[in-house]
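Please examine the structure shown here before reading the briefing.

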Amino acid sequence: MSAAADWPGGVHRALSDLGVGQVAFVPDAGLTRLIKLCEADSGMRTIVLTSEQEGIALAAGAWLGGARTAVLMQSSGVGNIVNMLSLARTCRFPLFMLVTMRGERDEVNEWQKPMGEATPRVLELAGVGVRRAEQVGEVVEMATQAARDAYESERREAVLIAQAVIGVKSFDE
Amino acid sequence: MSAPSLGRRAVVAALLKDRDGAPAVLGLGACVWDAAAVGDDPLNFGLWGAMGGAVPIGLGLALAQPERRVLVITGDGEMLMGLGSLATVAVQRPSNLVIAVIDNERYGETGMQPTHTAHGVDLAAIAAGAGFPVARRVDDAAGLSAALPPWYGAPGPLLLDIKVTAEPVPLVLPPRDGEHLKDRFREALLGSISVL
């Protein structure tokens, strides 16, 4: 795997370099390798959530305690966090989210499309800065910049990783 | 089962009395006013929204500050909206996180409509089923007295479901500017460098 293609390795290193201590997620197939890298990192506490909204609240609590958090989710999860984003915005908590997209090109599950299509606008309406990585080579730099903006300027930032980068979920696997 | 006898203000005062610098997360609505009635404190993080978020905020804080006891005091309606977070806490098993639900079986801020606990939903049983090592229901003054030593001392995560009367109490409002609440909390907990 080329360095550019190994975006999970690059993102993990960036989060480690930025001192991220808590990594919260509802899993997605596209996040599997990043989650494994974080689980294997003794400096990171991984927290599996029952709903993505817990991650927004958890990140706020971690910041109150002096820790940095990354919240990982699939685009469908963005629909679950909308009201909790008001906590981050009203109190100006830093929030860094990495969102793997569903419902895009070649998606085979029609049920994923409504939330996939709405994801960037929902985030923007809620006051979250949105970056979108269309190419695998863009992910690490974009995520690093977004995370830095979040923690160092107490901003809400999301990086959407296009389904073309992740690959389409196959029900044959 | 007899009617609840405990008053919420006295319960919250008892839960905060010997906090000894422990940070507290207060779920939206009456628990915020109850804590304000005890006295404003920079280590109170009171929610004016974010319903369902009190427990996961407490979890993030407890994991970030493992040497400090972290108190979450919230209402039954707020807890019911975040039931999944009890499962998340149980998996993480933070020994320093304690949760008290001030359970008046009502949605107090919206007209005192009955919550699910009024119909028999048992929050302590749910927490125990999730895997909390300590989860108990408190019905009266004797139960509260017995619950206070574990609240301050037993390894958590711990949940107390404390049944209280639904009688109205006077409004006592603490500051509500979110940035201010966050910054003063961090300064009190982490020092002035934290707000630079």
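The points below describe the folds of the chains and the contacts between them.

This is a predicted model, in which local features need pLDDT of at least 70, side-chain atom pairs count only at pLDDT 80 or more, and totals for chains, interfaces and linings use all residues. Residues are numbered from 1 along each chain as its sequence is written, while chains are lettered from A and ligands numbered from 1 in the order in which they are written.

**Overall form of chain A**

- Chain A contains eight helices and six strands; helices (H or I, at least four residues) and strands (E, at least two) are DSSP runs, numbered from the N terminus.
- From the N terminus on, its elements follow the order α-β-α-β-α-β-α-α-β-α-β-α-β-α.
- The radius of gyration of chain A is 15 Å, close to the 16 Å that the globule rule gives for 173 residues, so chain A is as compact as a globular protein of that length. The radius is taken over C-alpha atoms, and the rule is 2.2 Å times the number of residues to the power 0.38.
- The C-alpha trace of chain A spans about 45 × 35 × 25 Å along its principal axes.
- Of the 173 residues in chain A, 51% are buried. A residue is buried if 20 or more other C-beta atoms, placed from the backbone, lie within 10 Å of its own, exposed if 12 or fewer, and partly exposed in between.
- Among contacts in chain A with a separation of 6 or more, 76% join residues 24 or more positions apart; residues are in contact if their C-beta atoms, placed from the backbone, lie within 7 Å.

**The sheet of chain A**

- Six strands of chain A form an open sheet with parallel pairing, in the order S2-S1-S3-S4-S6-S5; strands pair if DSSP finds at least two bridges between them.
- S2 and S5 (129–133) of chain A stand at the edges with a single partner strand each, so one side of each is left without a neighbour in the sheet.
- Neighbouring strands are turned by 20° against each other on average, direction ignored.
- S1 (residues 20–25) of chain A runs parallel to S2(A) and is joined to it by four bridges; A:Gln22 has A:Arg45 as its bridge partner in S2(A).
- The chain passes from S1(A) through helix H2 (residues 32–39) to S2(A) in a right-handed β-α-β crossover, that is, with the strands pointing away from the viewer, the path from the first strand over the helix to the second runs clockwise.
- Five bridges join S1(A) to the parallel strand S3 (residues 68–74) of chain A, where A:Arg68 stands opposite A:Val20.
- H3(A) packs on the sheet, touching S1, S2, S3 and S4 (95–100) of chain A, and its direction makes about 170° with that of S3(A). Axes are lines fitted to C-alpha atoms, for helices over the stretch in contact, and angles run from 0 to 180 degrees between N-to-C directions.

**Contacts between the chains**

- In chain A, 28 residues are in contact with 30 residues of chain B.
- S1, S2, H3 (52–64) and H5 (85–91) of chain A each give two or more residues to this side, and H3(A) provides the largest share, nine residues.

**Chain B**

- Chain B contains eight helices and eight strands.
- Of its 196 residues, 48% are buried.

Conventions: Two residues are in contact if their C-beta atoms, placed from the backbone, lie within 7 Å.
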